[in-house]
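Subject: Structure for your work

Hello,

Here is the structure we discussed. My notes follow below it.

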Amino acid sequence: MTNKHIVFVLLACWLVANGVNAQVPVSWKVSVSVAPALRPSFLKGGRLLLHVTKQKEREPRTRSEITVGITPKNWDGNTAFLMDTQAKEALSVGLDKLGDNPSGLYYFQVVYKQNPDDAQENVPGNLYNTIDSVQVEANLSLNLTLNTQIPPWTIVSNKFVKTVEIKSQLLTAFRGRPSVLKAAVLLPSGYFDNPGKTYPICYRIPGLNGRYTAVNTVLGNKEFADWWFTPTAPQVIYVFLNSQGPYGDTYQVDSENNGPCGRALTEELIPEIERQVGYKPASKMRFLTGNSTGGWVSLGLQIFYPDFFNGTWSYSPDPVDFEHYGLINIYEDKTIFYNRYGYLQPGRRTIYGEPTFSMKDWIAGENLASRTGNYLISGGQFGAYNAVFGPKGKDGLPSLMFDPVTGEIDHAIAKQWEKYDLKKVLERNWTTLGPKLQGKIYIWMGDMDGLYSNVATRFLQKFLDKTENPKSDATVRFTAMAGHGQEWSDKAVLTMIAERVSGK
């Protein structure tokens, strides 16, 4: 054996010993066509997402082990587009785990994200193909046809359910195209028996990217429906809001990128809803509630509009203090990917403290979902945060608060997030806000929140406990060993509102 061969063998042994395997890269070429019937509704500039799973019982587009994303350039939908997993602009998650000799039956589905008013994937207007099953191998050629368009949302038909839809003049002017606001209203059991009566009204903000269609799910719960339509159930008008936006959830607040969403809600949509159901603002029984993102939004709206709303029940709110943005201090930390000890920053955990998902993996998934190749228009959590809290960039798109590849924080942009840091807003304005918020804040949080949001809520509680002139009477309740949204309940919230109104 020559010295050259010896060196090669030793190098190979070192690679194996250190867990470095030379793998044959998976090369899949997927030809994507648009069915002729759907070509008139095709919009240029969308994002193609290829979903692959071994799970037969679910659609790949709802959850997959492998996803590949690419934004076709100048594709008009009239010809096929070749989606090559080896293309430099293609991003993938899970593809590297197939190894160098993949095999087995997998299910393939491709989605084309093209809805300009909704950054989510499985929403009206977007295209997808019927599922195709394929025996996988390292080199694979496949033809898929986008033959289905996701239809508009529908609301359950029920005498006690009302749909309100308006064209927002404020958002239409900001976005330069027609913008519609929608809500679903669930009326109390005694509503039609008492014409002219003013009922308390509660606005339910959904979790991340939730829709007003949540009324379908709530009424689909037989236990809730049976209770709601009894004479003894709370006599409260329950309104389900919509949170769709061009960059993801709008958080229902004014922002540089999404536009005057807070004004549109309070000046356009809510007045129209209340006109239609006969609510009298002078009664001062206008409440808020929500869980997770809805928890942050309900609390945020109560703080930003302290005279307009008369109380909030906020569950598991997203971080209310950006010095504790999960486990990250956006004002001081260098990166969101690693903590100050050099360890990979976790993004999620179980109630027993086991990390299940890193921030680095989280952002990789959002980068993949966005037509820009970063989390900018992902429609995910951090794409939404970035658009809501941050400034508009020179290109007209949101400015990135952190680098999508390294996680490095741009502190100049992070500084501009402060106006949405609810703890800082309260600290700086307590003299004026404190008196207006008395008797209006209820927060619940699990002390083992899966997104680490309990940390920020603890620091908010510390601030509230130290307030003077006035001393805050906010209720901030923690449950030991409880996870994200674990105690959220429509029934519980509505019961507490009824008790508040009745003075119990």
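How much space lies in the second largest pocket? The figure is about 470 Å³, computed, like everything else here, on a predicted model. This pocket has 24 lining residues, and V180, L181, K182, N242 and Q244 are the closest to its centre. Elements that each supply at least two residues of its lining are α2 (169-175), β12 and α5. By class, the lining divides into 12 nonpolar, eight polar and four charged residues.

The largest pocket has a volume of about 1,400 Å³. It is lined by 39 residues, with R348, F357, W362, G365 and E366 nearest its centre. Helix α7 gives the largest share of that lining, seven residues. At least two residues each come from β2 (47-53), β3 (66-70), β5 (91-93) and α7 (359-369). The lining of the largest pocket splits into 11 nonpolar, 17 polar and 11 charged residues.

Next, the sheet. Eight strands form an open, mixed sheet, in the order β11-β12-β14-β13-β17-β18-β21-β22. The edge strands are β11 (161-167) and β22 (475-479); each has a single partner strand, so one side of each has no neighbour in the sheet. On average, neighbouring strands are turned by 20° against each other, direction ignored. Within this sheet, β18 (residues 312-315) and β21 (residues 441-446) run parallel and are joined by four bridges. T312 has I441 as its bridge partner in β21.

Two helices go with the sheet. Helix α5 (residues 261-277) packs on it and touches β11, β12 (180-186), β13 (201-205), β14 (237-241) and β17 (286-291). The direction of α5 makes about 140° with that of β11. Helix α6 (residues 293-304) lies across β13, β17, β18 and β21, and runs at about 150° to β17.

Finally, some backbone details to check before you set anything up. The peptide bond between N469 and P470 is cis, with omega about 5°. P470 is placed in the loop between α11 (453-466) and β22, and N469 lies in the loop between α11 and β22 as well. N469 also has a positive phi of about 50°, although it is not a glycine. With 68% relative accessibility, N469 counts as exposed, because the cut-off for exposed is over 50%.

S292, in the loop between β17 and α6, is likewise a residue other than glycine with a positive phi, near 65°. Its relative accessibility is 12%, so S292 counts as buried, the cut-off being under 20%.

Regards

Technical notes:
Residues are numbered from 1 along each chain as its sequence is written. This is a predicted model: local features need pLDDT of at least 70, side-chain atom pairs count only at pLDDT 80 or more; totals for chains, interfaces and linings use all residues. Side-chain values use heavy atoms; hydrogens and water are left out. Two strands pair if DSSP finds at least two bridges between them. Axes are lines fitted to C-alpha atoms, for helices over the stretch in contact, and angles run from 0 to 180 degrees between N-to-C directions. Contact means heavy atoms within 4.5 Å. Buried means under 20% relative accessible area, exposed over 50%, partly exposed in between (1.4 Å probe, protein chains only). On a 1 Å grid over the protein atoms alone, a cavity is a set of points where a 1.4 Å probe fits but cannot get out, and a pocket is an open set with protein on both sides within 12 Å along at least five of seven lines; lining residues have an atom within 4 Å of a point. Grid points are joined across faces, edges and corners, and a volume is the space filled by probe spheres set on the points. Ala, Val, Leu, Ile, Met, Phe, Trp, Tyr, Cys and Pro count as nonpolar, Asp, Glu, Lys and Arg as charged, and the others, Gly among them, as polar.
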